[in-house]
Every structure is written in C-alpha cells, then in structure tokens.
Amino acid sequence: MKSIFVIAAIVFLAEAGCMLRSAALVTQHGKLAVFLGTMVGTAIAAVIGVYFGEWADKALPHGMVHWIAGLVLAAVGAWVIVEHYIGGSH
C-alpha cells in the first residue's frame, strides 16, 4: 500500500506543470471535457509506460533502464529548450 502512495506523490509532482495547461484548456472546452480527456490521456500514457517498463526490465539490465530513461528525459528537455528559445516562435 505504501508503494501506491509513493507512486501517486511522484506522479502528482511530475504532473504539476500539466495542471496549468489543464486550467487553460478549461476556458475553451469546459471542466468535464478537460477532466475526462486528462484521465484518458494519463491512463493511456500509464499503460504504455507500465508495459514498456515490464518489457525493458526483462530485456535489459536494471541500471541500463535507468540510464536510458534519464537520457531520454534529458534529450526531451533539451529539445523543448532549443525549440522554445532558439528555433521556435516566441
């Protein structure tokens, strides 16, 4: 049971930025649509993550999975920064 609370806290903190996006979407689409859309999108992402994580755990050494996840996260962060501040429109 403790694992569920730890995971819920981690996901809540990770999704804090998305709450602002959801707040902005409410003005265009309404509370119910944003709530349901967020639930469906999060569920799809969780299913993909869980099954990919299960596959990766069986196919790769545990430490390598952490390194790959870290590198992907860093690459996505760098891409967002480059797009926003260098390549994208302000």
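Is His84 buried, partly exposed or exposed? His84 is partly exposed, with a relative accessible area of 42%, where buried means under 20%, exposed over 50%, and partly exposed in between (1.4 Å probe, protein chains only).

## Basis of the model

This is a predicted model, in which local features need pLDDT of at least 70 and side-chain atom pairs count only at pLDDT 80 or more, while totals for chains, interfaces and linings use all residues. Residues are numbered from 1 along each chain as its sequence is written, and side-chain values use heavy atoms, with hydrogens and water left out.

His84 belongs to helix H4; helices are DSSP runs (H or I, at least four residues) numbered from the N terminus. Between the C-alpha atoms of His84 and Arg21 there are 16 Å in space, and the two residues are 63 apart in sequence.

Helix H4 covers residues 62–87 and includes Val80. With 45% relative accessibility, Val80 counts as partly exposed.

## Helices H2 and H3

Helix H2 spans residues 16–29 and helix H3 residues 31–59; their axes come within 7 Å and cross at roughly 135°. H2 is therefore oblique to H3, since angles under 35 degrees count as roughly parallel, over 145 as roughly antiparallel, 65 to 115 as roughly perpendicular and the rest as oblique. Axes are lines fitted to C-alpha atoms, for helices over the stretch in contact, with angles from 0 to 180 degrees between N-to-C directions.

Met19 sits in helix H2 and is partly exposed, at 40% relative accessibility. Met19 and Thr38 lie 19 residues apart in sequence, with 9.7 Å between their C-alpha atoms.

Val50 is part of helix H3. At 55% relative accessibility, Val50 counts as exposed. The C-alpha atoms of Val50 and Ser3 are 15 Å apart, and 47 residues separate the two along the chain.

Terms used:
Helices (H or I, at least four residues) and strands (E, at least two) are DSSP runs, numbered from the N terminus.
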